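Here are my notes on the model you passed along.

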Amino acid sequence: MRLDHFSEYTTTASVTKPKEESRPSGFRKTPPFAIFLKEHFVKKDGVKVTEAMKELKNRWNLLGAIEKKKYFDESEAELKAKIAKFDALSVEEKQKLLDESAKQREERKRRRNRAEKAAKREEANRPVRPSSAYNLYIKEKMDSTERTPEKIRARFSEAAAAWKTLPDSEKQKYISQADALAKKFAKDMAAWKEANEKEKKLKNETTAEKSAA
């Protein structure tokens, strides 16, 4: 059999999933790559899961079409078995599973939204890294009234060249300002991290209490 018969077998780990909303989770197609992962993944001491997954993804990408066919065939066979099992259920059993699956999807969506909002809040309050002595000098020397790109570039070049020849005694002003800003940044960053840790700890405790209730 020629290789072009297997053109549908991609060489990447990303496989387009068909829409299977008519069946609940647990009765849908398992991607071939997921089957490959299950077969080859081994947890090793000292090796992060993300690193192991990356290695397996690379191995998957290096497989040829014929080698991947095993996993595509297994995926199709598994799907047929799932469909047969689901079709054998009563109407009431099917509806119950579909309702539970819909609730799970909504809960996952809510969790993602909460996580995204929390991440945005966290980043919004993150202290901004301060300017260096050089950047403080450049900012001071740039004329805000100069609007054209040509004039802005010319002014920047002049200021950059002037900084290189600026005596250390004159640079000290900007170095001192930068040092003060750096110290404030370090203090603010430490406070920001501490506040985030407290918020996460409180959130985890609240979640644990709700789960135990």
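1. Ground rules. This is a predicted model, with local features needing pLDDT of at least 70 and side-chain atom pairs counting only at pLDDT 80 or more, while totals for chains, interfaces and linings use all residues. Residues are numbered from 1 along each chain as its sequence is written, and side-chain values use heavy atoms, with hydrogens and water left out.

2. Overall fold. The chain has seven helices and zero strands, so the pattern along the sequence reads α-α-α-α-α-α-α; helices (H or I, at least four residues) and strands (E, at least two) are DSSP runs, numbered from the N terminus. Of the contacts between residues at least 6 apart in sequence, 72% join residues at least 24 apart, where contact means heavy atoms within 4.5 Å.

3. Burial and surface. Of the 213 residues, 20% are buried. The cut-offs are under 20% relative accessible area for buried, over 50% for exposed, and partly exposed in between (1.4 Å probe, protein chains only). The accessible surface of the chain is about 16400 Å², with 55% belonging to carbon and sulfur atoms; areas come from the Shrake-Rupley method with a 1.4 Å probe, and for residues only the protein chains shown count as cover.

4. A salt bridge here is a side-chain nitrogen of Lys or Arg within 4 Å of a carboxyl oxygen of Asp or Glu, and the count comes to 12. In helix H3 (residues 65-87), lysine 69 and aspartate 73 sit four residues apart, about one turn of the helix, and their closest N and O atoms are 2.5 Å apart. Lysine 69 is partly exposed at 26% relative accessibility, and aspartate 73 is partly exposed at 34%. In helix H6 (residues 149-165), arginine 155 and glutamate 158 are three residues apart, again about one turn of the helix, with closest N and O atoms 3.2 Å apart.

5. Aspartate 188 and lysine 184 meet in a salt bridge at 2.8 Å, N to O. They are separated by about one helical turn because they lie four residues apart in helix H7.

6. A loop residue worth a look. What does arginine 126 touch, leaving aside its neighbours within four places in sequence? The answer is Met189 and Trp192. Arginine 126 is in the loop between helix H4 (91-124) and helix H5 (133-141). Arginine 126 and tryptophan 192 are 66 residues apart in sequence, yet 6.7 Å apart in space, C-alpha to C-alpha.

7. Surface patches. Patches are made of residues with over 30% relative accessible area and no salt bridge, with like charges joined within 9 Å and nonpolar side chains (Val, Leu, Ile, Met, Phe, Trp, Tyr) within 5 Å. Lys117, Lys120, Arg121 and Lys203 form a positive one, and its largest share, three residues, comes from H4. Lys and Arg count as positive and Asp and Glu as negative, with His and the chain ends not counted; the place of a charge is NZ of Lys, CZ of Arg, CG of Asp or CD of Glu. Lysine 203 belongs to helix H7 (residues 168-212). The nonpolar patch formed by Phe41, Val49 and Met53 has about 230 Å² of accessible area together. Valine 49 is in helix H2 (residues 49-62).
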